Amino acid sequence: MSINYWKYCRTQKLKGHYDAQCIPADAGIRIEAGPFSHSFRVVGEAWKQSQLNDFAAYSLAALSMSNGVGFNLLAPVSESVTKQIKALTDIYQFWAIRKTAPLRMEFPLCADATPTKTQRDGGIICLSGGVDSTYAAISESKRGSVSHGLLIAGADYSHADTQGFKELTTRVGQIADKLDLKLSIIETDIRKHRLNWDMMHGFTLAACLQLMSAKHDHGYIALDYAGYQEIFAHPWGNNSILPHYFSTTGFPIAGVGKSKRRVDKLAAIAEFDTSLLSNLSVCFSETSTGGNCGRCVKCVFSRILFTALDLDERSAFLSTPSLEDAVDKMSVPKTYMGLRGRYLRVVETRQSLPKGPLHDKVSNYEEALRRAYIKKRN
């Protein structure tokens, strides 16, 4: 039996079981769940609490699978969400992801009927300011299906009061204004716990959207990959399969962007309004100001796409050093998942570039990734 299989077996063991309750607290909810307690707070606007606590099922599910624990949710939830969690339990067991534990949850206070609907605003879409979410917001605003964007503090930034998040809020707010959307903000501290973010970030987005279900009719999540790319990227926590299971009878959620590669999304943003390019947020390295450093891996590949589309990158990035030098200095990821994600983005990037020195550099790096991937796979 391989070492990896022993590690997988260890993740399957139940490491604790906790009662969880939903306690109203400061324009939001605190989920008391023993050592896994966490909260969601709506920032800067009046918040309406739903009669049901479906949102908590998704955040607790993420913690359950990340930590090998079970939860007994002692708060009213819809019958719809219990069916969705059961389906997700079966799906993740079937996927058998090595670092993910079984989903273990119980719902003793399942509601028999959907609560009476009240007048609500239109749809709300997760809007981080990145290429994927900005494209998705443009797409849905054109259809007239959204009234609000939703920005979440607690993912890349620890809380809403950090300087970086404040500056991010300004830029995302400008995107929302140009799309005639209102911007809502939710702050959560769920990432203070061990959370397999690669696999579970979709659950966190779903929890935040479901938290707004008393105010909005439906929600949207931007997808990271085109459909054919998902096959290669799997397993991934934000694929086009999951939004269906994040939906409930009272609050459906849909994914947006399955038909587009990232380069196609960037082209669509530029076609809609080139001034939006300076508001994009693609960087996870520069958190002090929330800007785009221009040097990290995400920034470099985003800059290459700007180059491929002949777009001016200077207003979008704090620094624009040589892209050829940056590609030369790139290392090959050591993990299987890291290799797949990097290889996928590099192939798309190379396909978008015209022939020339930069294309050659990216092609050489792609070949190094291909060799490493085949060696790791075999």
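**Notebook: a first walk through the model**

I started at Asn-364, which counts as exposed because its relative accessibility is 56% (exposed means over 50% relative accessible area, buried under 20%, partly exposed in between, with a 1.4 Å probe and protein chains only). Asn-364 sits in helix H13, residues 357-377. I then looked from Asn-364 across to His-38: their C-alpha atoms are separated by 46 Å, and the two are 326 residues apart along the chain.

A note on the ground rules. This is a predicted model, where local features need pLDDT of at least 70, side-chain atom pairs count only at pLDDT 80 or more, and totals for chains, interfaces and linings use all residues. Residues are numbered from 1 along each chain as its sequence is written, and side-chain values use heavy atoms, with hydrogens and water left out.

**The whole protein**

I found 13 helices and 12 strands (DSSP runs numbered from the N terminus: H or I of at least four residues for helices, E of at least two for strands). The C-alpha atoms fill a box of roughly 65 × 55 × 35 Å along the principal axes. Buried residues make up 54% of the 378 residues. I also checked contacts (heavy atoms within 4.5 Å): of those between residues at least 6 apart in sequence, 74% join residues at least 24 apart.

**Helix H3**

Next I followed H3, residues 79-95, whose 17 residues reach 25 Å from first C-alpha to last, close to the 24 Å expected at 1.5 Å a residue (the expected span is 1.5 Å times one less than the number of residues). Which residues of H3 are buried? I noted several, among them Val-81, Ile-85, Leu-88 and Tyr-92. The cover over the buried residues of H3 includes helix H2 (54-67), strand E5 (77-78) and helix H6 (197-211).

I kept one reminder at hand: most residues other than glycine have a negative phi, and most peptide bonds are trans.

Just after H3 I came to Ala-96, with a positive phi of about 50°. Ala-96 belongs to the loop between H3 and E6, and its relative accessible area of 39% makes it partly exposed.

Asp-26 also has a positive phi of about 50°, although it is not a glycine. I placed Asp-26 in the loop between strand E1 (17-24) and strand E2 (28-32). Is Asp-26 buried or exposed? It counts as exposed, at 60% relative accessibility.

My last stop was the cis peptide bond that joins His-234 and Pro-235, with omega about 0°. Pro-235 lies in the loop between helix H7 (227-233) and H8.
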